[in-house]
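I wanted a look at the charge pairs, the pockets and the nonpolar cores in this one. These are my notes, in the order I went through them.

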Amino acid sequence: MKFIFLGPPGAGKGTLAAKVAASYSIPHISTGEIFRGAIKAKTPLGLKVQAIIDSGALVSDDITIELVKDRLSQADAQNGFILDGFPRTIPQAEALAKILDIDAVVNFDIADNEVVERLSGRRVCKSCGQNFHVAFMPPKTEGICDKCGAELYTRDDDKIDAITHRLEVYRDQTAPLIDYYRERQKLTDIDARPATDVIMASFEKAFPKN
């Protein structure tokens, strides 16, 4: 099946995408992976993207769409795929529709206040990079890594102001997309609040494997 995954930062979309990709034997394709792959392969488009990124500019829709089109034409994507991070806008969705027909758009739904709780509670070890969470997976000693004893810290993008900004950007960009795909009867909402295994079970019920 050909999926698009939507969901705010902190919804656990990446974790779910990895599980679905393994279970359904389809690739999980993010825009970051597409960009990195093209740059590493030094394709003409990849060299163009590298130059744009090096200059500090944003990669245009036209180039992004060409890269997505090229990636989706590769052999591993012929039996289906998960698109993550694309499309981000209605024009991108319309351009994608001209390339191929998507089977389903999955919206991993979670309230903003729950995202803030999830992300703002994350703590990372300064030395070994181990992750903890003040509510869900606290360290044995507050502020100290269980693994190596080094200090834990809050990443800048896990601070409440940064999370709020990321959510505002996501909602501004993605709300129109949710409506766009709902109108086309492509959208399925899945509750992103429970544990990963529960969400995965909901997904497999909504999209039975052939």
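**Salt bridges**

I started with the salt bridges and got 15, where a bridge is a side-chain nitrogen of Lys or Arg within 4 Å of a carboxyl oxygen of Asp or Glu. Before going on, I noted that this is a predicted model, so local features need pLDDT of at least 70 and side-chain atom pairs count only at pLDDT 80 or more, while totals for chains, interfaces and linings use all residues. Residues are numbered from 1 along each chain as its sequence is written, and side-chain values use heavy atoms, with hydrogens and water left out.

I looked up E151 and K126, whose side chains form a salt bridge at 3.6 Å, N to O. This pair ties together distant parts of the chain, 25 residues apart: E151 is in the loop between β6 and β7 (152–153), and K126 is in the loop between β5 (122–125) and β6. I took helices (H or I, at least four residues) and strands (E, at least two) as DSSP runs, numbered from the N terminus.

Are these two buried or exposed? E151 is partly exposed at 46% relative accessible area, and K126 is exposed at 53%. My cut-offs were buried under 20%, exposed over 50% and partly exposed in between, with a 1.4 Å probe and protein chains only.

R155 and D158 also pair up, at 3.4 Å, N to O. Here R155 is partly exposed at 30%, but D158 is buried at 1%.

Next came R182 and D189, with their closest N and O atoms 3.0 Å apart. Both ends are partly exposed, R182 at 41% and D189 at 38%. I also found a network: R122, R155, D157 and D158 are joined by salt bridges that share partners.

**Pockets**

On to the pockets. I used a 1 Å grid over the protein atoms alone, where a pocket is an open set of points with protein on both sides within 12 Å along at least five of seven lines, and lining residues have an atom within 4 Å of a point. The largest pocket holds about 560 Å³, a volume being the space filled by probe spheres set on the points.

Its lining has 24 residues, with G10, G12, R118, H133 and F136 nearest the centre. α1 (13–24), α6 (112–120), β6 (131–133) and α8 (196–206) each give two or more residues to that lining, and α6 gives the most, with 4.

The second largest pocket comes to about 430 Å³. I counted 19 lining residues there, and G7, K13, G85, R88 and Y170 are the closest to the centre. Which element gives the most to this lining? It is α7, with 5 residues.

**Nonpolar cores**

Last, the cores: sets of buried Ala, Val, Leu, Ile, Met, Phe, Trp, Tyr and Cys residues joined through side-chain atoms within 4.5 Å. The largest has 30 residues, and I4, L6, L72, F81, L83, L96 and Y181 touch the most other members. Elements giving two or more residues to this core include β1, α2, α3 (44–55) and α4 (61–72).

I picked out L72. Leaving aside neighbours within four places in sequence, L72 is in contact (heavy atoms within 4.5 Å) with I29, A77, Q78, F81, L83, L96 and L100.

Apart from that core I found another, of 25 residues, including F3, F5, I199 and F203. In soluble globular proteins, nonpolar side chains tend to be buried together.

Note on methods: 1 Å grid on protein atoms, 1.4 Å probe; cavity = no way out; pocket = protein on both sides within 12 Å on 5 of 7 lines; lining within 4 Å.
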